[in-house]
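Open the structure in a viewer and keep the selection tool at hand. The stops below go from the whole chain to one side chain.

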Amino acid sequence: MVTIGWNGELKSTDEAMVSVADHGFLYGMTLFETMRTYGGKPFLWERHLERLYSACHQLGVVLELDKEKLHRHIQDVMAANKLPEAYIRLTVSAGEQGDGLPTVDYTNPQIIVFAKPLPQLPSTLYETGKPLQLLNTRRSSPETVIRVKSGHYMNNIIAKRELGTYASALQGAEGLMLNAEGNIAEGIVSNVLWIKDGQLYTPAIETGILPGITRAAVLELAEQQDIRYEEGAYTWSHLLEADEVFLTTSIQELVPVTLLCDVEERQYVVGDGTIGRLTNQLLERYRQMTTSG
């Protein structure tokens, strides 16, 4: 039986119930953060909480969490599931707020913590990478000025369903969505970055992407290593000209992309088909961050 964190308590998934009147259920008013632990501790913990608090503020969800208690609670959930390391999902559901669309703040949100084993990844993933499949599904415009990490995932689910229709899905491809203007946005569950002539590029936040925690950390690492980077509006053709391409997620870190596939299923090898020099350098520095305390 799986044990979850439910408003600071440990409960089985059979015991935990969300009210049908909860606005997370009625209107999709949920926010969440996914984190990976290293040494049993969620990595970049403060940054994830900062993003969560910012999103709650935008949506009028009054979130009052004791960071230390929450940190211990997450470790208790991991221990209850016998997980020395884990994939953590911290979810905030807005809670009940009467009928109809509210004009006042949500003052009683529900806090849910899931902990599950880290995914088993192929040993070759960080050497030979994975394909990136261009999709017809466009990235929806964010509901707020800066996209929040919400449970409103219909756009992503539609994109995932489209991805399954391509042969590249059998090779573990990630799907790439463009925004309404036809510029590169993001992967279904990742941010996209690439390198051309020694410079790092990634779509700007203004393109409607989620401001990824790992993405931001990589840009900081690039600056520390005197790797120039640029954020802007780019098209698929920019990726086709790239020397290196990689994806960032909190769970899988930096994943090289070694094959680009368009909607007509034409394929384009990136570089020599293995992880690029600067991608590997950034991955190594990122992993050093995870062990530096």
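**Whole chain first**

Select everything: of the 293 residues of the protein, 53% count as buried, meaning under 20% relative accessible area with a 1.4 Å probe and protein chains only. This is a predicted model, in which local features need pLDDT of at least 70 and side-chain atom pairs count only at pLDDT 80 or more, while totals for chains, interfaces and linings use all residues. Residues are numbered from 1 along each chain as its sequence is written, and side-chain values use heavy atoms, with hydrogens and water left out.

Switch to a C-alpha trace, which spans about 55 × 40 × 35 Å along its principal axes.

Next, show the cartoon. The protein has eight helices and 15 strands (DSSP runs numbered from the N terminus: helices are H or I of at least four residues, strands E of at least two).

**Then Arg-147**

Select the loop between strand 7 (130–134) and helix 5 (154–163), where Arg-147 is found. Is Arg-147 buried or exposed? Arg-147 counts as buried because its relative accessibility is 8%.

Show its side chain and look for polar contacts (pairs of N or O atoms within 3.5 Å, one able to donate a hydrogen and the other to accept it; residues adjacent in sequence count only if both atoms are side-chain atoms). The side chain of Arg-147 reaches the backbone oxygen of Ser-140 at 2.4 Å. A polar atom of that side chain also lies 2.5 Å from the backbone oxygen of Gly-208.

Last, select the residues that Arg-147 touches (heavy atoms within 4.5 Å), not counting those up to four places away in sequence; among them are Pro-142, Glu-186, Ile-209 and Pro-211.

Technical notes:
Buried < 20%, exposed > 50% of the residue type's maximum accessible area, 1.4 Å probe, protein only.
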